[in-house]
2 protein chains.
Amino acid sequence: MSANKISLPVIKRLPRYYRYVADLKDEGIKTISSSELAAMLGTTASQVRQDFNCFGGFGQQGIGYTVEVLHAELEKLLLGGQALDIILIGAGRLGRTMSYFISQGSLGYRLVAAFDADPAKIGQKLGPVEVQDVSALAAFCKANNPKVAAICVPDEAAAELSPVLAESKVEGVWNFSHFDFGLANPAFTVENVHLGDSLMSLGFRVRKTNS
Amino acid sequence: MSANKISLPVIKRLPRYYRYVADLKDEGIKTISSSELAAMLGTTASQVRQDFNCFGGFGQQGIGYTVEVLHAELEKLLLGGQALDIILIGAGRLGRTMSYFISQGSLGYRLVAAFDADPAKIGQKLGPVEVQDVSALAAFCKANNPKVAAICVPDEAAAELSPVLAESKVEGVWNFSHFDFGLANPAFTVENVHLGDSLMSLGFRVRKTNS
């Protein structure tokens with residue numbers, strides 16, 4: 001199954017499909033049509049079929065999708081065979097919350113290290129790891145080759161760390177800062193979580209309906 | 001300035017424009033062309049002009065944009081005149097982190113209440129408010145008419161609370177759960193922050209480049 005030319009919107013829809021199909025599996029449902037799945041998700045049957053066709057289909061004409069097969073294929077796509085090693089940069093309030101999130105969820109990751117510049121945080125336990133001095137980041141990456149970094153530091157710190165990460169084997173950046181990792185280094189695969197932007201655009205939409 | 005037919009992608013780009021323009025203002029820069037702004041943002045000049053045209057333009061032919069005017073217009077659009085009252089539902093680890101985030105940022109919100117079902121959490125201070133029993137939610141909404149709710153509870157709890165919110169004056173939902181508020185009630189204005197989906201799709205993309 002080739003997944004080289006899948007568009008980003010399709011990729012971003014996959015986790016949602018996976019969650020809904022996992023629920024169907026838990027409920028003991030054996031097969032589902034693209035129309036039924038579309039109705040659950042608030043989308044169209046043709047969207048569902050198009051999306052799944054990017055991965056070779058999964059379905060059979062006239063039968064629909066076998067839930068167990070669909071679940072296994074989506075799981076293989078999303079969680080792969082092996083957990084990805086992820087490091088956390090920034091052990092403040094947000095970073096600590098995200099470290100629990102990464103460690104507890106079955107999201108296909110393994111938290112292997114955490115870093116902070118604040119001496120008061122260095123040495124603290126954070127789930128399975130201990131916070132290290134951020135000055136140890138380059139050496140850690142060289143020795144351990146983590147594939148993903150979660151960025152929970154302010155913009156200036158993110159900008160300073162970007163070249164260090166670019167020189168390492170880190171490919172994926174889960175970015176809570178406003179620093180633009182994709183613009184700094186197009187080789188990074190970036191997922192931005194801009195909480196402030198999300199709240200501000202929600203505010204705009206709510207005010208708009210009231211004006 | 002009419003903002004009734006602005007598409008969602010344009011609205012979602014506004015906070016980023018606002019942040020960049022705020023930086024320009026801080027740096028004392030007086031005017032900027034759409035090309036310069038586009039280069040900073042990694043987009044095209046025509047995209048910038050199209051986006052701003054949705055709000056009546058802001059710019060002058062041959063001069064570009066006056067940074068101060070642009071900043072003031074974007075601020076008015078995004079933060080409005082008055083802070084929106086927001087309530088937090090779920091005072092666990094994620095909810096507590098988000099309460100600090102909402103209260104500390106200049107995002108146009110005022111945290112007016114927090115709710116949880118866990119007796120151990122009820123009565124705890126959370127920034128400017130004290131956690132109340134979630135059974136008091138309906139009465140609170142009736143008396144105080146908050147406009148926005150931040151949902152930091154598991155899916156089942158979110159599903160149970162959705163009808164309570166639908167009967168209140170809550171219009172905006174900042175949703176960290178997987179419950180689909182938009183599907184449950186199309187009158188809600190919803191911003192989903194699906195942290196798990198974000199990490200999973202990042203994992204897919206990182207694994208893809210390695211396969």
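Begin with two helices of chain A: H1(A) and H2(A) are roughly perpendicular to each other, a label that covers angles of 65 to 115 degrees, with under 35 counting as roughly parallel, over 145 as roughly antiparallel and the rest as oblique. Select residues 8-26 for H1 and 34-41 for H2 of chain A; their axes cross at roughly 110° and come within 11 Å. Helices (H or I, at least four residues) and strands (E, at least two) are DSSP runs numbered from the N terminus. Axes are lines fitted to C-alpha atoms, for helices over the stretch in contact, and angles run from 0 to 180 degrees between N-to-C directions.

Before going on, a word on conventions: this is a predicted model, where local features need pLDDT of at least 70 and side-chain atom pairs count only at pLDDT 80 or more, while totals for chains, interfaces and linings use all residues. Residues are numbered from 1 along each chain as its sequence is written, chains are lettered from A and ligands numbered from 1 in the order in which they are written, and side-chain values use heavy atoms, leaving out hydrogens and water.

Now show the side chains between these helices. From H1(A), Arg16(A), Tyr17(A), Tyr20(A), Val21(A) and Leu24(A) meet Leu37(A), Met40(A) and Leu41(A) of H2(A), contact being heavy atoms within 4.5 Å. By class, the residues where H1(A) touches H2(A) are seven nonpolar, no polar and one charged. Here Ala, Val, Leu, Ile, Met, Phe, Trp, Tyr, Cys and Pro count as nonpolar, Asp, Glu, Lys and Arg as charged, and the others, Gly among them, as polar.

Next, pick His71(A), which is found in helix H4 (residues 67-79) of chain A. Is His71(A) buried or exposed? His71(A) is buried, at a relative accessible area of 10%; buried means under 20%, exposed over 50%, and partly exposed in between (1.4 Å probe, protein chains only). Beyond neighbours within four places in sequence, His71(A) is in contact with Tyr18(A), Val21(A), Ala22(A) and Lys25(A).

Move on to Trp174(A), in strand S8 (residues 172-175) of chain A. Trp174(A) is buried, with a relative accessible area of 0%. Its contacts outside four places in sequence include Met98(A), Phe101(A) and Ile102(A), as well as Leu195(B), Ser198(B), Leu199(B) and Leu202(B). Trp174(A) and Trp174(B) touch the most other members of the largest nonpolar core, which has 100 residues. Such a core is a set of buried Ala, Val, Leu, Ile, Met, Phe, Trp, Tyr and Cys residues joined through side-chain atoms within 4.5 Å.

Then select H9 (residues 195-209) of chain A with H5 (residues 93-104) of chain B: these helices pack at about 65°, axes 11 Å apart. Leu195(A), Gly196(A) and Leu199(A) of H9(A) meet Met98(B), Phe101(B) and Ile102(B) of H5(B). That contact of H9(A) with H5(B) has five nonpolar, one polar and no charged residues.

Last stop: Asn145(A), in the loop between helix H6 (137-144) and strand S7 (148-151) of chain A. Most residues other than glycine have a negative phi. Asn145(A) has a positive phi, near 45°, and is partly exposed at a relative accessible area of 35%. Over in chain B, Asn145(B) has a positive phi of about 50°.
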